[in-house]
Amino acid sequence: QSTERRFRQQTQLLTDTEEKIAALEKETQELEREAANLPELVQQDKELAGKLSLLQEMVQTEKRWQKSEIQREKGQQKLRVLLEDYQKKSQEHDRSYQMFIEDQAGFLAQNLAEGEPCPVCGSREHPHKAACSKEAVSRQQVEEAKLAREQADEALIEDTIRYVEAQ
């Protein structure tokens, strides 16, 4: 009996070993098929790495563009503020200059007498004499307004040049 039992054990061992060999052969065939696909997978990996690199570069470009766009908008806003400042100072200068001129005419008209020649036009008749305004403006105030306008103009020009060069 022991021989028969040994024979069955050996037969079982042989069957198990043959099954393991068959399984290993099947696994080997699958690995060989996968190995055959390896060059294609390597190529796909390279292509994907290239695409990833391009995407990363595009993301960086987008970030630079957004930063540039923010700077451009800030520059435009600053130019708008400077332009408004220049326009305001220009209007202030024009108003003060006009008032100064009107006051000068009123000052000259104070001393006009009928029949006497006007020092400006020479007329001897003065039916509509100019009057001094209630808000007298001095030459110094006109010059200060002119200087403020010129400074605003220079600031606007300088920033416009910087803005254009930055674009």
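Glu143, Glu150, Glu154 and Glu158 form a negative surface patch, where a patch takes residues with over 30% relative accessible area and no salt bridge, like charges being joined within 9 Å and nonpolar side chains (Val, Leu, Ile, Met, Phe, Trp, Tyr) within 5 Å. Glutamate 158 belongs to helix 2, residues 139-166 (helices are DSSP runs, H or I, of at least four residues, numbered from the N terminus), and counts as partly exposed because its relative accessibility is 43%; buried means under 20% relative accessible area, exposed over 50%, and partly exposed in between, with a 1.4 Å probe and protein chains only.

This is a predicted model, in which local features need pLDDT of at least 70 and side-chain atom pairs count only at pLDDT 80 or more, while totals for chains, interfaces and linings use all residues. Residues are numbered from 1 along each chain as its sequence is written, and side-chain values use heavy atoms, leaving out hydrogens and water.

Seven salt bridges are found in a search of the whole structure, each being a side-chain nitrogen of Lys or Arg within 4 Å of a carboxyl oxygen of Asp or Glu. The table gives some of them.

| Pair | N to O distance |
|---|---|
| Arginine 8 and glutamate 4 | 2.9 Å |
| Aspartate 94 and arginine 149 | 3.9 Å |
| Arginine 95 and glutamate 135 | 3.9 Å |

Arginine 95 lies in helix 1 and glutamate 135 in the loop between helix 1 and helix 2, 40 residues apart. Arginine 8 and glutamate 4, by contrast, both lie in helix 1, four residues apart.

Conventions: Areas by Shrake-Rupley, 256 points an atom, 1.4 Å probe, with all protein chains shown as cover. Lys, Arg positive; Asp, Glu negative; His and termini not counted. Charge placed at Lys NZ, Arg CZ, Asp CG, Glu CD. Helix = DSSP H or I, 4+ residues; strand = E, 2+ residues; numbered from the N terminus.
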